[in-house]
Amino acid sequence: MRARTAEWFETKIKYEKTMEDGMQKAVIEAYTVDALSFTEAEKRIMEEMSSYISGGFEVKDIKKANYKEIFFSENENDDRWYKAKLQFITIDEKTEKEKRSNVYYLVQASTFQGAVKNIDQVMGGTMIDYVIASLAETTLMDVFEYHQVEQKNDKPEYEQ
C-alpha cells in the first residue's frame, strides 16, 4: 500500500460506449484526477480519457473531492474504490473528554473486507487512535495521478 496526498477532483465523463452485445450506449462514468484547479482538472481528464475513448466525449461535472489522501493498492486485483470516513480519537487534556475528528480517504481494494484491511495496514503504521465510522463502495472507474513529465533540454541540436 502507498498513500498519496494531493488536491483531488471528481469528474464525470459522458460518451458513447460499445457494450458487450455490440450496441452503442451513452454512459456517464466517474473518475478522480490530481489537479490544482478546476481548469487543470478538466484539462487533465480530457487528456487522460482521449487515449481510452474513440470518438467524442463531454465533461459533465467536476467537483472537489472531500478527501485529500488516497490509499493505492499494489495488488492488480484491487479494482474498486471505497470512500472511508475515519474518526481520529484524541483526549482533551483540560476536560479529559474524548474528541473525534472526521477525515475522509479513498481506498483501493477488491472487496469491502479488503478495504478495511488496507486501511488498517496504512493506519497501523501511525500512532493515531481511529475508528472506521463508514465505508462505502464508490462508482469511480479510475484515479489518475499527476506525473511530472521530464522536459527535454532546450539546447539546440548543434552549437555554433
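Author: The side chain of glutamine 87 makes a polar contact of 3.1 Å with the side chain of asparagine 102. The model is predicted, so local features need pLDDT of at least 70 and side-chain atom pairs count only at pLDDT 80 or more, while totals for chains, interfaces and linings use all residues. Residues are numbered from 1 along each chain as its sequence is written, and side-chain values use heavy atoms, with hydrogens and water left out.

Reader: What makes the pair of glutamine 87 and asparagine 102 a polar contact?

Author: A polar contact is a pair of N or O atoms within 3.5 Å; within protein, one must be able to donate a hydrogen and the other to accept it, and residues adjacent in sequence count only if both atoms are side-chain atoms. The side chains of glutamine 87 and asparagine 102 are joined at 3.1 Å, so the pair is within the cut-off.

Reader: Why is glutamine 87 called buried?

Author: Buried means under 20% relative accessible area, exposed over 50%, and partly exposed in between, with a 1.4 Å probe and protein chains only. Glutamine 87 has 17%, and therefore counts as buried. Its place is in strand 6; strands (E, at least two residues) and helices (H or I, at least four) are DSSP runs, numbered from the N terminus.

Reader: Which residues does glutamine 87 contact, leaving aside neighbours within four places in sequence?

Author: Contact means heavy atoms within 4.5 Å. On that criterion, with those neighbours left aside, glutamine 87 is in contact with Arg100, Ser101, Asn102, Asp129, Tyr130, Val131 and Ala133. Serine 101 is 14 residues from glutamine 87 in sequence, and their C-alpha atoms are 5.3 Å apart.

Reader: Why does glutamate 10 count as buried?

Author: Glutamate 10 has a relative accessibility of 19%, which is under the limit for buried, so the label applies. Glutamate 10 lies in strand 2. Not counting residues up to four places away in sequence, glutamate 10 touches Tyr31, Thr32, Asp61, Ile62, Lys63, Ala65 and Tyr67.

Reader: Why is phenylalanine 57 called partly exposed?

Author: Phenylalanine 57 has a relative accessible area of 22%, so the value falls in the range between buried and exposed. The residue is in strand 4. The C-alpha atoms of phenylalanine 57 and lysine 14 are separated by 5.6 Å, although the two are 43 residues apart along the chain.

Reader: What makes a set of residues a nonpolar core, and which residues touch the most other members of the largest one?

Author: A nonpolar core is a set of buried Ala, Val, Leu, Ile, Met, Phe, Trp, Tyr and Cys residues joined through side-chain atoms within 4.5 Å. The largest has 14 residues, of which Ile13, Ile45 and Met49 touch the most other members. Strand 2, strand 3, helix 1 and strand 4 each supply at least two residues of this core. A second, separate core of twelve residues includes Leu86, Tyr105, Ala115 and Ile119. In soluble globular proteins, nonpolar side chains tend to be buried together.

Reader: What does methionine 49 touch, not counting residues up to four places away in sequence?

Author: With those residues not counted, methionine 49 touches Ile13, Tyr31, Phe57 and Phe144.
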